[in-house]
Amino acid sequence: QGAIEDFAQELALVIRRFLKLKAWRDTERIVVGGGFRATRVGEISIGRAAVILKSDKVPLDLLPIRNKPDEAGLIGAAHLAPRWMFEAHDAILAVDIGGTNIRAGVVALNLKKASDLSKAFVWKFELWRYADENNVTRGDAVKELIKMLSGLIARADKEGLRLAPFIGIGCPGLIEAEGTISRGAQNLPGNWESKSFNLPHELHEAIPTIGEHETLTLLHNDAVVQGLSEAPFMRDVARWGVLTIGTGLGNACFKIGRAHV
């Protein structure tokens, strides 16, 4: 109980500091994801932090992210894809790269039940916990990721699931427009911040087509991607944000379709 109280107080303090930033000003709701949210202690701590903020009259709703954090990091990738890609397709490929593992999955769009992707779900996924292995290099990680994605493509084809030619990737760090990572990827194996390393390009070279169409690969910050899984449920607020608590503390805030990391 003491540890929960201490963490809740610290979390409330961090949130107050975020709310002082220009990009976070007037944020009405924050969801908390990441591995910490998946634990019972994490859920209780989030609830206690919400009570602390309310008692201090901070006008903010603080909630655990609605999907399982491991799934939210994949589901959010569907919101990165251009909508025209969904025509005649049932699902997309998604990747969530973390400080201890890499997860790749097939996200079923479920558009017949909800056109806003609120019913999207993870159909199949594979997990590689690279932190349990010795001397894993960046090249090893990319090779294993390609293997995982290729396996998922084969499974989807076998099951008759029509994959859109899109791979959405969430990764820690500040992502530049051309797909490189300028900073914040220090917990990943090897040097992911090299200007010569471009993960979307490497995946495109390895998987140039999905079905009959050229593959589009897109890399974004993992907190943004996880936060986007909540987008269909945020129509009642003008500004909202996400905190992901895991190996590090990720954050993103959103306003009318725009995100700040």
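This is a predicted model: local features need pLDDT of at least 70, side-chain atom pairs count only at pLDDT 80 or more; totals for chains, interfaces and linings use all residues.
Me: Let's start with helix α2, residues 40-55. What span should its 16 residues have?

Reply: Counting 1.5 Å a residue, α2 should span 22 Å. Its end C-alpha atoms lie 23 Å apart, which agrees.

Me: Which residues of α2 are buried?

Reply: First, the general idea. An α-helix has 3.6 residues a turn, so residues three or four places apart point the same way. Now look at α2: the buried residues are Gly42, Ser45, Ile46, Ala49, Ala50, Ile52 and Leu53. They cover an arc of only 160° around the axis, which puts them on the same side of α2.

Me: And which residues are exposed on the other side of α2?

Reply: Arg40 and Ser55 are exposed there.

Me: What do the buried residues of α2 pack against?

Reply: Their partners are α1 (2-19), β1 (29-33) and β2 (61-64).

Me: Now the pocket. What is the volume of the largest one?

Reply: Rolling a probe the size of a water molecule over the atoms shows where empty space is left. Here, the largest pocket has a volume of about 740 Å³. It is lined by 33 residues, and the closest to its centre are Pro172, Asp222, Thr244, Gly248 and Gly250.

Me: Which elements give two or more residues to that lining?

Reply: They are α3 (69-75), β3 (91-97), α6 (222-228), β12 (239-245) and β13 (249-255).

Me: How many residues of each class are in the lining?

Reply: You will find 10 nonpolar, 18 polar and 5 charged residues there.

Methods. Residues are numbered from 1 along each chain as its sequence is written. Side-chain values use heavy atoms; hydrogens and water are left out. On a 1 Å grid over the protein atoms alone, a cavity is a set of points where a 1.4 Å probe fits but cannot get out, and a pocket is an open set with protein on both sides within 12 Å along at least five of seven lines; lining residues have an atom within 4 Å of a point. Grid points are joined across faces, edges and corners, and a volume is the space filled by probe spheres set on the points. Helices (H or I, at least four residues) and strands (E, at least two) are DSSP runs, numbered from the N terminus. Ala, Val, Leu, Ile, Met, Phe, Trp, Tyr, Cys and Pro count as nonpolar, Asp, Glu, Lys and Arg as charged, and the others, Gly among them, as polar. The expected span of a helix is 1.5 Å times one less than its number of residues. Buried means under 20% relative accessible area, exposed over 50%, partly exposed in between (1.4 Å probe, protein chains only). The arc is that of the directions from the helix axis to the C-beta atoms. Contact means heavy atoms within 4.5 Å.
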